[in-house]
Amino acid sequence: MLAKLLLALCCIAACEGGWVNLGHGCTSARGNHPALLTYRGKSGFVSAFRLTHIRGKIGCHANGRTNWGCTAHHRTNMYVTDVRNVVMYPSPVLVKPFQSGGWYHIPGYFENSPQLAFSDVGPRYVYSGYQMRVWYGEDLYGYTEGDNHGHTCFKAEIFVVYYA
């Protein structure tokens, strides 16, 4: 806790940052097809990750066609992992999936929200060349993929803070 307080105080005096575009990607609902994104900026600390929907719909059954989930009950099922598929976002500390397929709710966001933004309780360090994957949860977890369909395409951004 003391370290985070000191980091925050140092940042007030000597930091800069903002949203950095990682590019566009598309994630499929099945078949192990996440979007792969690579950070190309200077080293820093990431405090948030944002997806902005561009096109496509994704779903977990024939009637589900959404930006980020499947239905009003199955609102959100998008995950950001490292290249070893360790979940980065949604933060495992802040969000707990409520079903085996990885479904979760984030207050203020719905299955067809134009954006989906994730934050964490602390920043994550990234360096140039750091890679992240964006997954549909049922595809990541290999859960009832047989009736999944579609793909969703997005612009991905991270909020990076650089310390001088």
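Visitor: In what order do the four strands of the open sheet lie?
Guide: The model is predicted, so local features need pLDDT of at least 70, side-chain atom pairs count only at pLDDT 80 or more, and totals for chains, interfaces and linings use all residues. Residues are numbered from 1 along each chain as its sequence is written, and side-chain values use heavy atoms, with hydrogens and water left out. Strands here are DSSP runs (E, at least two residues) numbered from the N terminus, and two of them pair if DSSP finds at least two bridges between them. On that basis the open sheet is built with antiparallel pairing, in the order β2-β8-β5-β6.

Visitor: Which strands are the edge strands of this sheet?
Guide: An edge strand pairs on one side only. The twist from one strand to the next averages 35 degrees, where axes are lines fitted to C-alpha atoms and angles run from 0 to 180 degrees between N-to-C directions. The edge strands are β2 and β6.

Visitor: Which residue in β6 is the bridge partner of T81?
Guide: β5 and β6 pair in the antiparallel sense, over two bridges. In β6, the bridge partner of T81 is V87.

Visitor: Is the disulfide of C26 and C153 right-handed or left-handed?
Guide: A disulfide is a pair of cysteine sulfur atoms within 2.5 Å, and those of C26 and C153 are 2.0 Å apart. C26 lies in strand β1 (residues 15-28) and C153 in strand β9, so the pair ties together parts that are 127 residues apart in sequence. C26 counts as partly exposed at 33% relative accessibility, whereas C153 counts as buried at 1%. The torsion about their S-S bond is about 110 degrees, so the disulfide is right-handed.

Visitor: And is the disulfide of C60 and C70 right-handed or left-handed?
Guide: The sulfur atoms of C60 and C70 are 2.1 Å apart. C60 is buried, with a relative accessible area of 7%, and C70 is buried, with 2%. Because the torsion about the S-S bond of C60 and C70 is about -90 degrees, the disulfide is left-handed.

Visitor: Are the rings of F45 and Y125 stacked or edge-to-face?
Guide: Rings of Phe, Tyr and Trp (its six-membered ring) pair if their centres lie within 6.5 Å, with planes under 30 degrees apart counted as stacked, over 60 as edge-to-face and the rest as tilted. F45 is partly exposed, with a relative accessible area of 24%, and Y125 is partly exposed, with 45%. The centres of the F45 and Y125 rings are 5.4 Å apart and their planes lie at 65 degrees, so the pair is edge-to-face.

Technical notes
Buried means under 20% relative accessible area, exposed over 50%, partly exposed in between (1.4 Å probe, protein chains only).
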